[in-house]
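Open your viewer and keep the selection tool at hand. We will go from stop to stop, and at each one you select something and look around.

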Amino acid sequence: MKFFLDTANLAQIERIVRLGLVDGVTTNPSIIAKEGRPFKELIQEICKIVKGPVSAEVVGLTVDEMLKEAYEIASWAENVVIKLPMTENGLEATHRLSQEGIKTNVTLIFTAVQGLMAAKAGATYISPFVGRLDDIGANGMDLIRNLKSMLHNYNFSTEIIVASVRSIQHVEQAAIAGADIATIPGALLPSLWKHPLTDKGIEQFLIDWVNVPA
Ligand code: E4P
């Protein structure tokens, strides 16, 4: 499973890139707004640090607005991916962009049929939101399993990005379900390599080491 970072924070991205764990980055308008910097400047800096796909989202709601923004964003860097919302207009824009060879990520997916439609429209990636589904009492991981089966049944090349990831369990379950990618918040990722017994083990080894004769 590929690891994307779900952040636009350069310090978080650089930290995890040093470990060789970053295959791409996803952003959304809320994530960009948190950094207090111009959109284009930020995306271009991220695209220099991360060689893999970097998703940048349009905010227009009509097809014309989406396409205008998409062409502008696509000109910022070679590895940028256009993120579009799962709406009728989003699907039309996705279809147009896919026919022109521009990579897309259809976001805000909450049902398997939404994912199926985005894949049929030509999306390179789809982003089902597991955390937000869990928040309303549904089971986000069921959606990932269903999408995985659906896309596999019909040999779609569209990749599933497990989004709205909130916990280590989400990451584990995404990998067990065979998701292509999990996009992980920059603040959550360090908790993936930590365990209290690892820390306790190191502490005990260092205590015992003083008894080793020189
Ligand atoms: C990424 O593509 C999504 O925009 C993001 O994972 C949403 O996460 P949230 O539900 O925690 O805001």
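**Stop 1: a buried residue.** Select Ile73, which is found in helix α4 (residues 63-74). Helices here are DSSP runs of H or I with at least four residues, strands are runs of E with at least two, and both are numbered from the N terminus. Is Ile73 buried or exposed? Ile73 counts as buried, at 2% relative accessibility. Buried means under 20% relative accessible area, exposed means over 50%, and partly exposed lies in between (1.4 Å probe, protein chains only). Ile73 and Glu57 are 16 residues apart in sequence, and their C-alpha atoms are 8.7 Å apart in space.

**A word on the model.** This is a predicted model, in which local features need pLDDT of at least 70 and side-chain atom pairs count only at pLDDT 80 or more, while totals for chains, interfaces and linings use all residues. Residues are numbered from 1 along each chain as its sequence is written, and side-chain values use heavy atoms, with hydrogens and water left out.

**Stop 2: the ligand.** Select the ligand. Which residues are around it? They are Asp6, Asn28, Lys83, Phe129, Arg132, Ala163, Ser164 and Arg166. A residue counts as near if one of its heavy atoms lies within 4 Å. Show the side chains and look for polar contacts (pairs of N or O atoms within 3.5 Å; within protein, one must be able to donate a hydrogen and the other to accept it, and residues adjacent in sequence count only if both atoms are side-chain atoms). Asp6 has a polar side-chain atom 2.5 Å from an oxygen atom of the ligand. For Lys83, an N or O atom of the side chain is 2.6 Å from a ligand oxygen. For Asn28, that distance is 2.7 Å. The protein covers 85% of the 340 Å² of accessible area that the ligand has on its own. Accessible areas come from the Shrake-Rupley method with a 1.4 Å probe; for residues, only the protein chains shown count as cover.

**Stop 3: salt bridges.** How many salt bridges does the structure hold? It holds 7. A salt bridge is a side-chain nitrogen of Lys or Arg within 4 Å of a carboxyl oxygen of Asp or Glu.

Select Glu159 and Lys2. Their closest N and O atoms are 2.7 Å apart, in a salt bridge. Glu159 lies in strand β7 (residues 159-162) and Lys2 in strand β1 (residues 2-6), so the pair ties together parts that are 157 residues apart in sequence. Glu159 is buried at 19%, and Lys2 is partly exposed at 31%.

Next, select Asp135 and Arg166. Their side chains meet in a salt bridge, 2.9 Å from N to O. Asp135 is in helix α7 (residues 130-135), and Arg166 is in the loop between β7 and α9 (168-177), 31 residues away. Asp135 is exposed at 54%; Arg166 is partly exposed at 42%.

Then pick Arg37, Glu41 and Glu45. Salt bridges that share partners join these three into one network. Within it, Arg37 and Glu41 have their closest N and O atoms 2.8 Å apart.

**Stop 4: helix α10.** Select residues 196-209, which form helix α10. The expected span is 1.5 Å times one less than the number of residues. The 14 residues should therefore span 20 Å, and the end C-alpha atoms are 20 Å apart, which agrees. The number of buried residues in α10 is 0, so this helix lies largely in the open.
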